[in-house]
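Thank you all for coming.

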Amino acid sequence: MRGKLSCPDSCGLELSQDLKKLLAEIEKQVGFELFLNSGPRCPKYNALVTQNVNSAHTLGLAADVAVANSHQRYLLIKAIYGLGVKRVGRSDKHMFIHLDIASGPLPHPTDTLKEYPQFVDWKYD
């Protein structure tokens, strides 16, 4: 796994150990190295890249994983759901899959579900 494993703001925020373990298991299942477009983001850095102040990224509990093609996207989503991850988003335009392991309600601007945990499939395009 490579890419943004810690906050770009150099604040010291890193991916949670649970998320690192999950991503390592996903890598084993899909058979290719994961590249994180976005990982942990402190609130200061998060404010520069999104309006979602409740992002699981600010807790080190979320990652946006780059995909090169539809086959990688399929393998990644299959592994993610197979491992029981309940918060998943995708951007077909920007070619990434978002996953997070937050356990409580962290409202997303396009989220209309009111009870957690549930399978949440946000589309970012």
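Let me begin with a term: a residue is called buried when its relative accessible area is under 20%, and exposed when that area is over 50%, with partly exposed in between. Please also keep in mind that this is a predicted model.

With that cut-off, take Ser38, which sits in strand E2. Its relative accessibility is 11%, and Ser38 therefore counts as buried. Its side chain makes a polar contact, at 2.8 Å, with the side chain of Arg41. Leaving aside residues up to four places away in sequence, Ser38 touches Lys4, His57, Ala62, Ala63 and Asp64.

Now the wider view. The protein has three helices and six strands, and read from the N terminus the order of the elements is β-α-β-α-β-α-β-β-β. Of its 125 residues, 42% count as buried. If we take the contacts between residues at least 6 apart in sequence, 67% of them join residues at least 24 apart.

Which residues of H1 are buried? They are Leu19, Leu22, Leu23, Ile26, Glu27 and Val30. Viewed down the axis of H1, these buried residues fall within an arc of 145°, which means that they line one face of the helix. As a reminder, an α-helix has 3.6 residues a turn, so residues three or four places apart point the same way. On the other side of H1, Gln17, Asp18, Lys21 and Lys28 are exposed. The cover over the buried residues of H1 includes strand E2 (35–38), strand E3 (62–66), helix H3 (70–82) and strand E5 (96–100). After H1 comes Gly31, with a positive phi near 80°.

That brings us to the largest nonpolar core, which has 19 residues, and in which Leu23, Ile26, Leu34, Leu76, Ile80 and Leu99 touch the most other members. At least two residues of this core come from each of H1, E3, H3 and E5, and the largest share, five residues, is supplied by H1. As for Leu99, and again not counting residues up to four places away in sequence, its contacts include Leu19, Leu22, Leu23 and Ile26, and Leu99 also touches Leu61, Ala62, Ala63, Val65, Ile80, Val85 and Arg87.

Let me turn to strand E4, residues 87–91, which is mostly covered, with four of its five residues buried. E4 and E5 run antiparallel and are joined by five bridges, and one of the residues to look at is Ser91, whose bridge partner in E5 is Phe96. The two strands form a hairpin with four residues between them, and Met95, in the turn, has a positive phi of about 55°.

Finally, consider the loop between H3 and E4, where Lys86 lies. Is Lys86 buried or partly exposed? At 31% relative accessibility, Lys86 counts as partly exposed. Lys86 and Asp100 are 14 residues apart in sequence, while their C-alpha atoms are 7.9 Å apart in space.

I will stop there and take questions.

Conventions:
Residues numbered from 1 in each chain as written. Predicted model: local features only at pLDDT ≥ 70, side-chain atom pairs only at ≥ 80, totals over all residues. Heavy atoms only, no water. Buried < 20%, exposed > 50% of the residue type's maximum accessible area, 1.4 Å probe, protein only. Arc of directions from axis to C-beta. Contact = heavy atoms within 4.5 Å. Core = buried A, V, L, I, M, F, W, Y, C linked by side-chain atoms within 4.5 Å. Pairing = 2+ DSSP bridges. Polar contact = N/O pair within 3.5 Å; in protein donor to acceptor, adjacent residues only side chain to side chain.
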